[in-house]
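Please open the model in your viewer and keep the selection panel at hand. The tour below goes from one side-chain contact to the next, saying at each stop what to select and what is there.

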Amino acid sequence: MKATVLIIGHTFPEPETTAAGVRMLQLLALFSEAGYQITFASTASTSERSVSLQNLGIATKNIELNSNSFDVFIAQLKPTFVVYDRYITEEQFGWRVADQCPNAIRILDTEDLHFLRKARETAVKQGFSSEEANIYTDTAKRELASILRCDLSLIISEVERTLLQDVFRIPSELLFYMPFLIENPSEEALKKRHLFEERTDFMTIGNLHHAPNVDAVLQLKKEIWPLLRKQLPNAKLHVYGAYAPQQITELHREKEGFLIHGWAESKETAFQNAKVCLAPLRFGAGLKGKLLGAMWFGTPSVTTPIGAEGMYGTLPFSGNICDTVSQFIEASVLLYTQKESWLEAQRNGDALIANRFQKTDFSEVFIATIKLLETNIVTHRNAHFIGQILQHQSLRSTKYMSKWIEAKQINERKEGFSGVCFEATSEVRSDYKSTPDA
């Protein structure tokens, strides 16, 4: 009988709109290729851009928050492995998994460290640099507790793994570094790349429901593009991204060459037509899918230290990394006008793909790691007993909050009451209902 993997997703994956969707699809492929039977469950609904998991041979299940129907479902499924998509999902369902299937291996896919991203965002909005961010927050406590409760956490960035180990003293045995998993472009793909002379204009891309991307577009419009276009008056900037809020769509200015396109129907076309990808990210975490996409299609990038974080290791970056607006503009003009600099950046991108993101460098080791956990789980959990302490009923506030909500909803249905009189904080309330992908 095949071992079963249950993935509890924050949303159903949208690989064409979010880097998180790409990441999840790569993880699903990894389990599928290893021969596991996969079920993907989520409280969210599918969208028109959700990938069809059924066509990939993956069973799907809609689940409810704060409902014992999940207990019945997972007790019947009896998964060998349970993967949580982000720490909030572990908070919502982890205690139920531990109660119903205590021997299931619990894996957290962090996507990125949410507490780090939020701390950097707060710092920037308060007028500080991201380096001055206070990372010792309540969000950090919650996310770190989730990591400690799980048997293994997937960390997408080496920088974040180092932070967890060196600053927060998370044992290395609980962490597995797994970046985006891709393969080198084929010869055919390389031949399809547009040449320097065949490209024009700048571009940027990213899910515009995601705060770092919204901020980057605003920086481009207000700080960077007016100065950059003075030097390159015929150039245009093409902005691609799904779920753009009104404050972004209103920035469209054809006369200024600042073009808001919305969702890119073809990422290949968006990247291949442009000479340079711009990513002035002031905050964020994890790895940036837009920069890896630019490398794949041979498009050099100009970004910030936050944007390039975790991407290049000790190798040259596929473009330029800039600290100031003036540096950003200078680097953008250089790559746009100097063919040799542009070609060198393109070659650097190919080297990064070949040396840092190869699927085969991580997939086999990961499968071997979780199989070892399966046969050695008691010893592993005893060696990291803090996780069992955090599973103790005296520390499971999320369990009793969920049970309270469940009981309240049942009582309201009996009484025919449709309103909500929940006086918890807005943060807790948002975590215990389905929210859109960020």
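**A buried salt bridge**

Begin by selecting Glu309 and Arg120, both of which are buried, where buried means under 20% relative accessible area, exposed means over 50% and partly exposed covers what lies in between, with a 1.4 Å probe and protein chains only. Their side chains meet in a salt bridge at 2.7 Å, N to O, the term standing for a side-chain nitrogen of Lys or Arg within 4 Å of a carboxyl oxygen of Asp or Glu. The pair links distant parts of the chain, with Glu309 in the loop between α12 (305-308) and β13 (319-321) and Arg120 in helix α4 (residues 114-125), 189 residues apart. Helices (H or I, at least four residues) and strands (E, at least two) are DSSP runs, numbered from the N terminus.

Before going on, note that this is a predicted model, in which local features need pLDDT of at least 70 and side-chain atom pairs count only at pLDDT 80 or more, while totals for chains, interfaces and linings use all residues. Residues are numbered from 1 along each chain as its sequence is written, and side-chain values use heavy atoms, with hydrogens and water left out.

Select next Glu158 and Arg356, whose side chains meet in a salt bridge at 2.6 Å, N to O. Glu158 lies in helix α6 (residues 158-166) and Arg356 in helix α14, so this contact ties together parts that are 198 residues apart in sequence. Glu158 counts as partly exposed at 26% relative accessibility, while Arg356 is buried at 11%.

Then select Asp71, Arg96 and Glu406, which are linked in a network of salt bridges. Over the whole structure, a search finds 19 salt bridges.

**Aromatic rings**

Turn now to the rings, among which the structure holds 15 aromatic pairs; rings of Phe, Tyr and Trp (its six-membered ring) pair if their centres lie within 6.5 Å, and planes under 30 degrees apart count as stacked, over 60 as edge-to-face and the rest as tilted. Select Phe196 and Trp342: their ring centres are 5.3 Å apart and their planes stand at 65°, so the pair is edge-to-face. This pair links distant parts of the chain, with Phe196 in the loop between α7 (187-192) and β8 (202-205) and Trp342 in helix α14 (residues 339-356), 146 residues apart. Both Phe196 and Trp342 are buried.

Move on to Phe202 and Trp225, an edge-to-face pair with 6.0 Å centre to centre and 80° between the planes. Phe202 is in strand β8 and Trp225 in helix α8 (residues 211-231), 23 residues apart. Phe202 is buried with a relative accessible area of 0%, and Trp225, at 3%, also counts as buried.

**Charges over rings**

Finally, select Arg49 with Trp263, where the charged end of Arg49 sits over the ring, 4.3 Å from its centre; the criterion is NZ of Lys or CZ of Arg within 6 Å of the ring centre and within 35 degrees of the ring normal. At the last stop, the charged end of Lys221 sits over the ring of Phe258, 5.8 Å from its centre.
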